[in-house]
Amino acid sequence: MNSETITLERRVLAKNEDVADHNREWLGAQGIVAVNLMSSPGAGKTTLLERTIGDLAGSRAVAVIEGDQETTLDADRIKKAGCEVVQVNTGAGCHLDAEMMHSALTSLSPAPGSLILVENVGNLVCPALFDLGERSKVVIISVTEGTDKPLKYPYMFAAADLVIINKIDLLPYVDFDVERCEGYARSVNPKVRVLTVSATTGEGMSDWYEWVAEQY
Ligand SMILES: Nc1nc2c(ncn2[C@@H]2O[C@H](COP(=O)(O)OP(=O)(O)OP(=O)(O)O)[C@@H](O)[C@H]2O)c(=O)[nH]1
Ligand SMILES: [Mg+2]
């Protein structure tokens with residue numbers, strides 16, 4: 001990488017940081033909590049959101065921002081689950097940025113005190129670099145991906161406030177060591193919280209809801 005590339009990268013990230021600060025200020029003033037969900041493709045972000053929407057619907061206003069390169073497939077699933085949703089298509093881009101978050105918030109116009117759940121583009125690399133102005137970052141890893149992921153994608157796991165290990169209903173059938181994975185996550189992020197869930201059976205989901213309530 002030459003010095004021009006590095007300078008441009010710094011400028012892009014600095015501009016993103018300014019917009020993210022603006023988002024954070026606005027969200028804070030409205031008492032809105034935004035949570036940024038990141039994972040590799042297929043780890044279960046949308047499935048976790050579908051169940052969360054159903055379970056939290058009675059207790060607080062929830063809205064979803066869906067980030068994908070193409071399609072409205074996930075936004076359609078969220079709408080069907082009965083939740084307000086905005087789809088952001090990033091095209092060739094591999095992550096959401098603060099400007100996209102700002103536009104999505106403008107079009108959602110969430111009520112004060114709402115919970116905004118953001119599904120980022122599925123990969124464990126780019127989304128870690130871009131602050132959206134969210135309250136918290138969550139990384140979801142599923143047990144079919146392999147125990148070593150926190151070591152191989154340390155920036156993502158270092159940025160996380162919470163790691164969710166999903167698909168624990170599949171543990172009898174796959175070679176995945178939950179304790180070792182937790183240890184690897186803590187080796188790059190000593191204070192990170194770790195929860196184990198199955199978004200399909202609902203096991204462990206109450207711990208996730210408690211964690212969400214703690215963000216207020
Ligand atoms: N067995 C099992 N399957 C799950 C669980 N959670 C999600 N799945 C399945 O995993 C597949 C992918 O789930 P999605 O929720 O679409 O994953 P995603 O992270 O939103 O995927 P992208 O948006 O493409 O990145 C689907 O077939 C889900 O039914 C779980 O807890 N257990
Ligand atoms: Mg999805």
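Guide: Two strands are said to pair if DSSP finds at least two bridges between them, and helices (H or I, at least four residues) and strands (E, at least two) are DSSP runs numbered from the N terminus. This is a predicted model, in which local features need pLDDT of at least 70 and side-chain atom pairs count only at pLDDT 80 or more, while totals for chains, interfaces and linings use all residues. Residues are numbered from 1 along each chain as its sequence is written, and chains are lettered from A and ligands numbered from 1 in the order in which they are written.

Visitor: How do you know that β6 pairs with β7?
Guide: Four bridges join β6 to strand β7 (residues 193-196), and the two run parallel, where at least two bridges are required. In one of these pairings, I165 has T196 in β7 as its bridge partner.

Visitor: What joins strand β5 to β6?
Guide: Five bridges join β5 (residues 136-142) to β6, again in parallel, and S142 has N166 in β6 as its bridge partner.

Visitor: Why is β6 called largely enclosed?
Guide: A residue is buried if 20 or more other C-beta atoms lie within 10 Å of its own, exposed if 12 or fewer, and partly exposed in between, with C-beta atoms placed from the backbone. Five of the five residues of β6 (residues 162-166) are buried, so the strand is largely enclosed by the rest of the structure. L162, I164 and N166 point one way from β6, and V163 and I165 point the other way.

Visitor: What makes β3 and β7 edge strands?
Guide: Seven strands form an open sheet in the order β3-β2-β4-β1-β5-β6-β7, with parallel pairing. β3 (84-89) and β7 each have a single partner strand, so one side of each is left without a neighbour in the sheet. The twist averages 20 degrees from one strand to the next, where angles run from 0 to 180 degrees between N-to-C directions and axes are lines fitted to C-alpha atoms, for helices over the stretch in contact.

Visitor: Why are α1 and α4 called roughly parallel?
Guide: Angles under 35 degrees count as roughly parallel, over 145 as roughly antiparallel, 65 to 115 as roughly perpendicular and the rest as oblique. The axes of α1 (residues 3-30) and α4 (residues 98-108) come within 8 Å and cross at roughly 30 degrees, and the two helices are therefore roughly parallel to each other. Taking contact to mean C-beta atoms, placed from the backbone, within 7 Å, N16, V19, A20 and N23 in α1 meet A98, E99, M101, H102 and L105 in α4.

Visitor: What surrounds ligand 1?
Guide: A residue is near a molecule or strand if its C-beta atom, placed from the backbone, lies within 6 Å of it. Ligand 1 is surrounded by 17 residues, the closest being G44, K45, T46, T47 and G122. Helix α2 (residues 45-56) gives the largest share of this shell, three residues.

Visitor: Is R77 buried, exposed or partly exposed, and how do you know?
Guide: R77, in helix α3 (residues 73-80), has 18 other C-beta atoms within 10 Å and is therefore partly exposed. Leaving aside its neighbours within four places in sequence, R77 is in contact with T46 and E50.

Terms used. Two residues are in contact if their C-beta atoms, placed from the backbone, lie within 7 Å.
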